[in-house]
Amino acid sequence: MTSFAESVRYQAEDGIVTITLDRPAARNAFDQAMAESLLAALKTAEKDEAVRVIVLTGRGDAFSAGQDLHELHAKEAQFGAQAAGDELRQRFTPVILRIRSMDLPVIAAVNGVATGAGLGIALACDLRVAAESASFICAPHGIALIPGVGITWLLPRLTGFGVASELALLGERIDARRAFELGLVNHIVADGDLQEAIHELAQRLIRQPASSLALTKRALNRSVFAGFEHHLGYEADLQEVAAGNDEHRNRLRAMIDRGSKR
């Protein structure tokens, strides 16, 4: 076991690195330390010649509930609406681009809810396996922000424009079965079988030649992700505009207040 922050666990075994988001009390919401440690873990795995597959998952009942709203609220109070855009530019864009640029295949083992940044990171992975209890929320309308972390790029490419519009504009929670039907995930398994299913899928990848997998991923990236980095910047600019709206500030403050009363 290699330690980064307390909120990220890194385990390497038989060519498979499992990176676990480990803030279960916060539903694995990303604070700065967890985002920075996830990026460091990805870089560590990429440099290790023994690693053939990366698995990304969460501990507890969530894959990731997205960005830590308490931290976002504090940063916006200090820096204004620009903080919302900078969080995407500085915290999440490097993670998304690293997942896409590395030659190693990355599997998202979606063990629970995936929303916001958590959903964007899962969609950026090469393959997604969801537990039956997993769910997905594609838009943070509850705090009057837009889908970020690449979601507005990835959704149309996975589901088609019409479905992507429905998911992004309505922002309603969908279950694992619906996500599978729409093409958001590759496989669904029973909750208790997720770990075994992920290991089997990773082994299938390991049996393929590493060189051809790497070159195939590069070719797929070229066909689908040209312009992706520029789009991430555009999302961040729009998020900054959304964060400057009074409705966002009021909704975020109300959500923080509700959470503190529980």
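Visitor: Is N28 buried or exposed, and what is its relative accessible area?

Guide: This is a predicted model, in which local features need pLDDT of at least 70 and side-chain atom pairs count only at pLDDT 80 or more, while totals for chains, interfaces and linings use all residues. Residues are numbered from 1 along each chain as its sequence is written, and side-chain values use heavy atoms, with hydrogens and water left out. Buried means under 20% relative accessible area, exposed over 50%, and partly exposed in between (1.4 Å probe, protein chains only). N28 is therefore buried, its relative accessible area being 0%.

Visitor: Where is N28 placed, and what is its phi?

Guide: N28 belongs to the loop between strand 3 and helix 1; helices (H or I, at least four residues) and strands (E, at least two) are DSSP runs, numbered from the N terminus. Although N28 is not a glycine, its phi is positive, at about 60°.

Visitor: R27 also has a positive phi although it is not a glycine; how does R27 count in terms of accessibility?

Guide: The phi of R27 is about 55°, and R27 is found in the loop between strand 3 (16-21) and helix 1. At 35% relative accessibility, R27 counts as partly exposed.

Visitor: Which residue forms a salt bridge with R98?

Guide: A salt bridge is a side-chain nitrogen of Lys or Arg within 4 Å of a carboxyl oxygen of Asp or Glu. For R98 the closest N and O atoms of the pair are 2.8 Å apart, and the pair links distant parts of the chain, from helix 3 (residues 82-101) to helix 1 (residues 32-47), 52 residues apart. R98 is partly exposed at 25% relative accessibility, and its partner, partly exposed at 30%, is E46.

Visitor: Why are E181 and R178 separated by about one helical turn, and what is the N to O distance of their salt bridge?

Guide: The separation is about one helical turn because E181 and R178 are three residues apart in helix 7. E181 counts as exposed at 52% relative accessibility, whereas R178 is partly exposed at 34%. Their side chains meet in a salt bridge with an N to O distance of 3.8 Å.

Visitor: How many salt bridges does a search of the whole structure find?

Guide: Side chains of opposite charge can pair when their charged atoms come close. In the whole structure, the search finds 17 salt bridges.

Visitor: Which strands stand at the edges of the open sheet of four strands?

Guide: The strand order is 5-7-9-10, with mixed pairing; two strands pair if DSSP finds at least two bridges between them. Strand 5 and strand 7 (residues 113-115) pair in the parallel sense over two bridges, and S64 has A114 as its bridge partner in strand 7. Each edge strand has a single partner strand, so one side of each is left without a neighbour in the sheet: these are strand 5 (62-64) and strand 10 (174-175).
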